[in-house]
Amino acid sequence: MAVTSKNISRTTLSTSSSTLYTTPMVTKTVITNISISNNNLSTSNVTLAINGYNLLPQIAVPASTMVSIDTKIVMDAYEALTGYASQYSNTIHVSGVEIV
């Protein structure tokens, strides 16, 4: 069993749901940290889901701040992490490990 630290996703969130990461075949992924930065002048709401099930439903990120969440979320092969924000200029960084 190989365990590899992974930058799961590092991107700017769009205002419509898009796929941020899909676990490869024969792999499990463990999300260990989610950091969201709001670069706007007003609060932005961010939603993250795994296979359509809300992980963070409409979490409010205040203007010009960052929210960091330490967690242990297991994703099985082919599961997809999706997300969006209520406005542009929100960046997300998701870290974790892949287990093959």
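**Exercise 1.** Which side chains meet in a salt bridge, and at what N to O distance?

*Basis.* This is a predicted model, in which local features need pLDDT of at least 70, side-chain atom pairs count only at pLDDT 80 or more, and totals for chains, interfaces and linings use all residues. Residues are numbered from 1 along each chain as its sequence is written, and side-chain values use heavy atoms, with hydrogens and water left out.

*Solution.*
- Apply the criterion: a side-chain nitrogen of Lys or Arg within 4 Å of a carboxyl oxygen of Asp or Glu.
- Searching the whole structure gives 1 salt bridge.
- The partners are Lys28 and Asp76, at 2.3 Å, N to O.
- Lys28 lies in strand 3 (residues 28–38) and Asp76 in the loop between strand 6 (65–75) and strand 7 (80–85), so the pair, 48 residues apart, links distant parts of the chain. Strands (E, at least two residues) are DSSP runs, numbered from the N terminus.

**Exercise 2.** Classify Lys28, Asp76 and Thr82 as buried, partly exposed or exposed.

*Solution.*
- Take the cut-offs: buried is under 20% relative accessible area, exposed over 50%, partly exposed in between (1.4 Å probe, protein chains only).
- Lys28 is partly exposed because its relative accessibility is 41%.
- Asp76, at 34%, is also partly exposed.
- Thr82, at 17%, is buried; its place is in strand 7.

**Exercise 3.** Which residues have the most contacts inside the largest nonpolar core?

*Solution.*
- Such a core is a set of buried Ala, Val, Leu, Ile, Met, Phe, Trp, Tyr and Cys residues joined through side-chain atoms within 4.5 Å.
- The largest one has 19 residues, and Ile31, Leu81 and Ile92 have the most contacts inside it.
- Strands supplying at least two residues each include strand 2 (18–22) and strand 8 (90–99).

Conventions
Helices (H or I, at least four residues) and strands (E, at least two) are DSSP runs, numbered from the N terminus.
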